[in-house]
Amino acid sequence: MKSRKTSARLAMLVSILNDGQYHDGTELGARLSMTRTAIWKAINKLRAYGVDIHSQKGKGHVLQGPLVLLAKEAIMQDARDKTIEVEVFESITSTNDYLRPFYGTTVPKICVAELQTKGKGRLQREWYSPFGKNIYLSCLFPVKKDVSELAGLSLLVGLAVVKACKPYTQGQGLKLKWPNDVMCGDKKLAGILIELQAEPYGQCCPIIGIGANVNMLQPEMEKHITQPTTSLREISGRYIDRNILCASLLRHLFSYLKQFKRQGLAPFVPQWHKLDYLMGRDATLQCADRNVRGEVQGICPQGHLLLKLKNGAVQSFAAGDASIVK
Ligand code: BTN
């Protein structure tokens, strides 16, 4: 697997270039104790990642838009929880895949990346994961529960994402579309992919993957993502420091996960119902073998979707892809 941790020098180079001024190779080399050739290579590497840098002879290099890279220390300091240890990658195939070999661990493991070359969404979809713009975060969270008790896990992860994103939404309400899309209006802001593997003796090691659109702008989203999508930058109208958001996300996630460990999903159901995007709507659920249509009645305490069918019966569904009938 190709994965590369963000080097301190690359992060420093970006932070120097982030002031909107030109900096030449000699100055950058002196400040970073690097040769001019090494600076040139680093600039080209950023360009290859898609970072827009303008270079002019005699003047140097300048970033064409704001960019703050993810930094382990900043995230961990702000997360204010000693059990939260984060690995930060410059590039990785998928943060979820990176954690898979750690199945069976007894302590949580977290990683984030600037770029995913094979970001995965639900139902074998691709998750568009450009460099330095969004949050791609995965957390391996061992719990002493049976796989059957974890159906609702993605729902409570959605609640944590909404809580962390709320300060950036200018009062525009975020909603949760069962099972795990975070929506702003009718556009998707974030998605969750949980991968499970049962361990013996009622142990479980879910890998919780969160992809949140943070600083992408509309033209880029329209070009690369087919479904209507938004980002926190589009909603708030400003560039967002992903380190602060990441730390807040981890704080809320861990607090919810700890409560889930003790009490399961039940205490979260009322909160979820308040944010339910599909509640009362006429929807079609695409299951493995069939499509079912009905009026959404919320979720049950296990986190299954409740659909009132044409014949008046209410049926629960553990999995599927829901869409609103227009
Ligand atoms: C979805 O809505 O389809 C789920 C998207 C999940 C994307 C995240 S990004 C971090 C983690 N790594 C992946 O490859 N996927 C998840």
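This is a predicted model: local features need pLDDT of at least 70, side-chain atom pairs count only at pLDDT 80 or more; totals for chains, interfaces and linings use all residues.
## Overall fold

The protein contains 10 helices and 15 strands. Its C-alpha trace spans about 75 × 45 × 35 Å along the principal axes. A compact globule of 326 residues would have a radius of gyration near 20 Å, so the 21 Å of the protein agrees with that expectation.

Of the 326 residues, 53% count as buried. Among contacts with a separation of 6 or more, 64% are made by residues 24 or more positions apart.

## Nonpolar cores

The largest nonpolar core has 70 residues. Ile-75, Leu-137, Leu-156, Val-161 and Ile-210 have the most contacts inside this core. Leaving aside residues up to four places away in sequence, Ile-210 touches Ile-135, Tyr-136, Leu-137, Val-157, Val-161, Gly-191, Ile-192, Leu-249 and Leu-253.

A second, separate core has 21 residues, including Leu-10, Val-14, Met-34 and Leu-67.

## Largest pocket

The volume of the largest pocket is about 930 Å³. Its lining consists of 43 residues, and those nearest the centre are Arg-125, Trp-127, Asp-181, Lys-188 and Gln-227. By class, the lining has 19 polar, 13 nonpolar and 11 charged residues.

Several secondary structure elements each supply at least two lining residues: helix H5 (95-99) and strands E6 (135-140), E8 (181-184), E9 (187-195), E10 (207-212), E11 (282-286) and E15 (321-324).

How values were computed: Residues are numbered from 1 along each chain as its sequence is written. Side-chain values use heavy atoms; hydrogens and water are left out. A nonpolar core is a set of buried Ala, Val, Leu, Ile, Met, Phe, Trp, Tyr and Cys residues joined through side-chain atoms within 4.5 Å. Buried means under 20% relative accessible area, exposed over 50%, partly exposed in between (1.4 Å probe, protein chains only). Contact means heavy atoms within 4.5 Å. On a 1 Å grid over the protein atoms alone, a cavity is a set of points where a 1.4 Å probe fits but cannot get out, and a pocket is an open set with protein on both sides within 12 Å along at least five of seven lines; lining residues have an atom within 4 Å of a point. Grid points are joined across faces, edges and corners, and a volume is the space filled by probe spheres set on the points. Helices (H or I, at least four residues) and strands (E, at least two) are DSSP runs, numbered from the N terminus. Ala, Val, Leu, Ile, Met, Phe, Trp, Tyr, Cys and Pro count as nonpolar, Asp, Glu, Lys and Arg as charged, and the others, Gly among them, as polar. The radius of gyration is taken over C-alpha atoms; the globule rule is 2.2 Å times the number of residues to the power 0.38.
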